[in-house]
Amino acid sequence: MGKEAFGLAAKNNSGVLSPFHFSRRETGEKDVRFKVLFCGICHSDLHMIKNEWGISTYPLVPGHEIVGVVTEVGSKVTRFKTGDKVGVGCLVGSCGSCDSCTEGLENYCPKSIQTYGFKYYDDTITYGGYSDNMVCDEGFIIRMPDNLPLDAAAPLLCAGITVYSPLKYHGLDKPGMHIGVVGLGGLGHVAVKFAKAMSLKVTVISTSDSKRDEAINRLGADAFVVSRDQKQIKDAMRTLDGIINTVSATHSLLPLLGLLKPKGKLVMVGAPEKPLELPVMPLIFERKMVMGSMIGGIKETQEMVDMAGKHNITADIELISADYVNTAMERLEKADVRYRFVIDVANTLKPTP
């Protein structure tokens, strides 16, 4: 027997979420159960709700930026106790024995189990954080810093680690290095914050000048380049050690490669639906590199959250009630959010009679 839970689910690919009663598993000996207080809305939630990647299983309860307070721990749990502030990101399981897992890169495990819409070890389907409670193996639980507001910290569990991990892994975190951030959205604005905390010089690259003041005067970026302005692109050529590209729309990589110094690195964290053209000559003649990156392992995610606590890094959010979720999804599709929606789960998600 499981324990009752209540959430919001997509019953089909219509894009509409509605109330849903379901069962969470009993708290196992290595499990942590917590009351969900807040859950961020990620663009991937929208993709999954509409089955735009062709992998969705319905009913589907989205949400992988989940934070709350521990209400119960299993008999063999050693790292957490009742009352702790915790979070769960994109993963709730992995094989634990492959090369990726042994290296602390559970996110690249071929048998990794995502927080919602995937088969768990017991063949049940995982449900995410648009729900009133959550249960998860303690190995995939993140301890949240006491000094950060949980609502604004929730998006760090996806957006934060998505930009933090490539900066660290590719050696783009050394003080004084100059990096570019393409796109000032849910991922990009957090990338600027982490980069400045790492003492990097940051140039924001955007398609229009509309976010220049936001990038420089509020977020602390050092420079701003409009990618459609040929003079600005020319003036910034060969100045960047690396670029974090957060854009998911189809776009040209050639101007971005031109901004890199020789041996510079262009890291793709946005996921365009259509293939992009890859100009090879800049790679050959200047040893530039293009690579991708996807979230991070659990240890690295904890390191990211700890750094956020040290430097008071949070996402810029719009806190919404549970009954606003469908409207939020419509706005998200139009990029009408600055910069992340977060659901006030505990105060607004109420079980229906």
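**Buried residues and salt bridges**

Biologist: Let's start with Asp 84: is Asp 84 buried or exposed?
Modeller: In this predicted model, Asp 84 has a relative accessible area of 8%. The cut-off for a buried residue is under 20%, so Asp 84 counts as buried.

Biologist: Nice! Which side chain meets that of Asp 84 in a salt bridge?
Modeller: The two side chains come to 3.2 Å, N to O, and a salt bridge needs a distance within 4 Å. Asp 84 lies in the loop between β4 and β5 (85-88), while its partner is in strand β9 (residues 142-143), so the pair ties together parts that are 59 residues apart in sequence. The partner in the salt bridge is Arg 143.

Biologist: How many residues apart in sequence are Arg 340 and Glu 65?
Modeller: Their side chains form a salt bridge at 2.7 Å, N to O. Arg 340 sits in strand β17 (residues 340-344) and Glu 65 in the loop between α1 (43-49) and β4 (66-73). The pair therefore ties together parts of the chain whose separation in sequence, in residues, is 275.

Biologist: Now for the rings! Are Phe 22 and Tyr 127 stacked or tilted?
Modeller: Their ring centres are 4.6 Å apart and their planes meet at 55°. Planes under 30 degrees apart count as stacked and over 60 as edge-to-face.

Note on methods
Residues numbered from 1 in each chain as written. Predicted model: local features only at pLDDT ≥ 70, side-chain atom pairs only at ≥ 80, totals over all residues. Heavy atoms only, no water. Phe/Tyr/Trp six-rings, centres within 6.5 Å; stacked < 30°, edge-to-face > 60°. Helix = DSSP H or I, 4+ residues; strand = E, 2+ residues; numbered from the N terminus. Buried < 20%, exposed > 50% of the residue type's maximum accessible area, 1.4 Å probe, protein only.
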